[in-house]
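This briefing covers a pocket and a helix pair in one structure. The sequence and the model come next.

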Amino acid sequence: MGYDVQHWIGGTETAGTGSTQPILDPATGQEVGTLHLGDAATVDRAVEVAAAAQREWGRVSLAKRTQVLYRMRELLIDASDEIAVHISREHGKTLGDAKGEIARGLETLEFATSITQDLKGGFSENVSTGVDAHTMRQPLGVVAGITPFNFPAMVPFWMHPIAIATGNAFLLKPSERDPSASNVVARLYQEAGLPDGVFQVIHGGKETVDALCTHDGISAVSFVGSTPIAKHVHATASAAGKRVQALGGANNHAVVMPDANIASAASQVASGAFGSAGERCMAVPVAVTVGDAHEPFLEAIKAEAEKLVVGPGDDPRTDMPPVITPDARERVIRMTDEAEAAGGRILVDGRDLVVTGHENGNFVGPIVITDLESTHPTYTDEVFGPLLVVMHVNNFDEAVELVNSSPFGNGTAIFTDSGHYARRYQEEIQVGMIGINVPIPTPVGYYSFGGWKDSLFGEHHAHGPEGLSFYTRQKAVTTRWPAQNETVESSMSFPTHD
């Protein structure tokens, strides 16, 4: 029969008033559960509950807020296996990869437990005679997060621990493709002592997203997903007067210099290109070989791709799991077909891969393509699958020019033994996150995550110090405390600092 996934509102599960849709296992294509979808009425109810809860939570001391988060940390560690099973079943990724994303989400939760240091504000005495000034940061109120399927645990954790630590109530709208992890997190928050209504989960599609972006009771919206939807969320929520951070897509390049350790670079690029079937915004779908690195790299990356084991995520032998849907599989195959028709050379061809016992799964093997024009969509567009395009340039300057010509600016990497070229790369490249001999340069939780250009819409990156700024607003307070019988002369002129 499968299981039911409902909304989590006011500390309890509720079916709401919307429709339902099946939850599918990408490895088998079979229905494993039923998801209850929200609508505008569901959002209205959740916002009403959140607003009441936030009024009380915002007055709770920082010490008590962080105590809840400390308890949440321990509960999350204990529940990691349970959450990983949900993720693997609904997303398809390996159990090891699922546990890895939970661990990375834990980093942001740990950052939030020490947020008291960052909220302390500033103070200046006697900015004018007998006048002091100080700053304070306060919560926004009710805030919402809309998160993607590829990291059903980690990406929401980029948002809600900081929002909650700073005194907000948080509404999470996870992907409808792998929703169960979010409900487990809601239960853990309740067990940790978080008041009901401060963290809630609303499931749904476009109607729910638009309701969150336009609701008068929501002050800010965080989003991670594709660039077209990021643009829509940013435009819609901004027009409704909300603070918005919308992280979009990517087409990350890894530059391989002639002086690099080619075998090591190929191994690292393979992990970036094919890990989690390439369904990461920090994946490496493009390798750029410089000069004499080209042929040795092609030989090495072919060997790396061909040794990968493709299979279901719950099989410990699996290196690369299925993609999320049949449509995602067909997209990878179509882009490969189009590249081949345009003269691209297929070094590794995973289009016809079949996993025995999982013939109805969304499997496609690793694909490596070279000799493709820089204008071809298989190179320029975000693939979001296990497809690696290897481009070739003559020198370092051409590599920088190629990377900077992309409309995306999320992440990039360079593999080199040269400090000179590494330093130039980090200075000249127009990308928000850079790895030097690191294939997936995702910042740790106490730094901030975000790209440039069409990879980010809004002023704030996610988590870390910028996340704290996003979920709070600053007040500047100027005070004077004269003696009760002292008369302070006023002036019709603009005040000075005398």
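The largest pocket has a volume of about 930 Å³. A pocket here is an open set of points on a 1 Å grid over the protein atoms alone, where a 1.4 Å probe fits, with protein on both sides within 12 Å along at least five of seven lines. The model is predicted, with local features needing pLDDT of at least 70 and side-chain atom pairs pLDDT 80 or more, while totals for chains, interfaces and linings use all residues. Residues are numbered from 1 along each chain, and side-chain values use heavy atoms, without hydrogens and water.

**Pocket lining**
- Lining residues have an atom within 4 Å of a point; of the 35 in the largest pocket, Phe149, Arg177, Gly225, Ser226 and Ile229 are the closest to its centre.
- Two or more lining residues come from each of helix H7 (206-214), strand E11 (220-224), helix H8 (227-239) and helix H11 (326-341).
- H8 gives the largest share, 4 residues.
- Helices (H or I, at least four residues) and strands (E, at least two) are DSSP runs, numbered from the N terminus.
- The lining holds 14 nonpolar, 12 polar and 9 charged residues.

**Helices H9 and H10**
- Helix H9 (residues 262-274) packs against helix H10 (residues 294-306) at an angle of about 50°, with axes 9 Å apart.
- In the contact (heavy atoms within 4.5 Å), H9 uses residues including Ile262 and Phe274, and H10 residues including Pro296 and Glu304.
- This contact divides into 12 nonpolar, 1 polar and 1 charged residues.
- Ala, Val, Leu, Ile, Met, Phe, Trp, Tyr, Cys and Pro count as nonpolar, Asp, Glu, Lys and Arg as charged, and the others as polar.

How values were computed:
Grid points are joined across faces, edges and corners, and a volume is the space filled by probe spheres set on the points. Axes are lines fitted to C-alpha atoms, for helices over the stretch in contact, and angles run from 0 to 180 degrees between N-to-C directions.
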